Amino acid sequence: MLKNLGNRLAAALSVAALGAVQACGAASGGTPVPEPASDIPASSAAAAQTAVFAGGCFWGVDAVYRHVKGVTNVVSGYAGGTSKTADYETVSTGTTGHAESVQVTYDPSQVSYGELLRVFFSVAHDPTQLNRQGPDYGKQYRSAIFTTTDEQQRVAKAYIDQLNQAKVFGSPIVTEVVALPAFYPAESYHQNYLALHRNQPYIVYNDLPKLAALKQQFPDRYK
């Protein structure tokens, strides 16, 4: 466990030393991606909904959604594999089928699923990086949207098609859209990690810029 965490921190320091600090997706341009043409109406959703996103290390994605108005709870965890391999040590081998993910509980009367997707593609990560994100490599760091309803799957796929057709990114989006088999919460020390480790080099160079981009690009959404 400590070895895996140490490798992640060492990778961040190496990136910083080379002057190649990772800036997520469209965040580097300072402009959010376009709004989705299709969304889920608030009137068709229950009081509380959940969405699951994977965009590299879950520390930064977790922190981004904790600062989005309308989000009531965020849990870092694993999705895509089985319960037998849903632990950090095993997931870090990249052979389990799991992706580091975050489960977002939100109030659809305050923030829509489409708006959460827009944040995901604008500031949470770079959706054009295949099986990696910044200094982290492996399938456990892949870009994925794990849908919990048919409506979520329809909206997510349509949005990716919309962004690709508009050539919003310089390369095609590689984000997977798959039905969520199950979500497994990560170990307690991974929860709300950024808030508890704001001075850690990995957080400083990879994740704090995501919060700054969220505040800049979505000032009305930032909390």
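## Aromatic pairs

The structure, a predicted model, holds eight aromatic pairs. Rings of Phe, Tyr and Trp (its six-membered ring) pair if their centres lie within 6.5 Å; planes under 30 degrees apart are stacked, over 60 edge-to-face, and the rest tilted. In one of the pairs, Trp 59 and Tyr 202, the ring centres are 5.4 Å apart and the planes stand at 90°, so this pair is edge-to-face. Trp 59 belongs to helix H2 (residues 58-66) and Tyr 202 to helix H7 (residues 201-217), so-called distant parts of the chain, 143 residues apart. Helices (H or I, at least four residues) and strands (E, at least two) are DSSP runs, numbered from the N terminus.

## Basis and confidence

Residues are numbered from 1 along each chain as its sequence is written, and side-chain values use heavy atoms, without hydrogens and water. Local features need pLDDT of at least 70 and side-chain atom pairs count only at pLDDT 80 or more, while totals for chains, interfaces and linings use all residues.

The protein has an average pLDDT (the predictor's confidence in each residue, from 0 to 100) of 90, and 87% of the residues score at least 70. Over residues 12-28 pLDDT stays under 50; for this stretch the model has 39 contacts (heavy atoms within 4.5 Å) beyond four places in sequence. Where pLDDT is low, the predicted coordinates should not be read in detail.

## H4 against H5

Helix H4 (residues 113-124) packs on helix H5 (residues 150-165) at an angle of about 45°, the axes being 11 Å apart. H4 is therefore oblique to H5. Axes are lines fitted to C-alpha atoms, for helices over the stretch in contact, with angles from 0 to 180 degrees between N-to-C directions. Under 35 degrees counts as roughly parallel, over 145 as roughly antiparallel, 65 to 115 as roughly perpendicular, and the rest as oblique.

The crossing of H4 with H5 is right-handed: the near helix is turned clockwise from the far one by less than a right angle, anticlockwise being left-handed. H4 contributes Tyr 113, Leu 117, Arg 118 and Phe 121, and H5 contributes Gln 152, Val 155, Ala 156, Tyr 159, Ile 160 and Leu 163. These comprise eight nonpolar, one polar and one charged residues. Ala, Val, Leu, Ile, Met, Phe, Trp, Tyr, Cys and Pro count as nonpolar, Asp, Glu, Lys and Arg as charged, and the others, Gly among them, as polar.

H4 and H7 have axes that come within 9 Å and cross at roughly 125°, which makes H4 oblique to H7. Their crossing is right-handed. Val 119, Ser 122, Val 123 and Ala 124 of H4 meet Lys 210, Ala 213, Leu 214 and Gln 217 of H7, giving five nonpolar, two polar and one charged residues.

The axes of H2 and H4 come within 11 Å and cross at roughly 130°, so H2 is oblique to H4. This crossing, too, is right-handed. Val 61, Val 64 and Tyr 65 of H2 touch Leu 116, Val 119, Phe 120, Val 123 and Ala 124 of H4. The contact of H2 with H4 has eight nonpolar residues, no polar and no charged.
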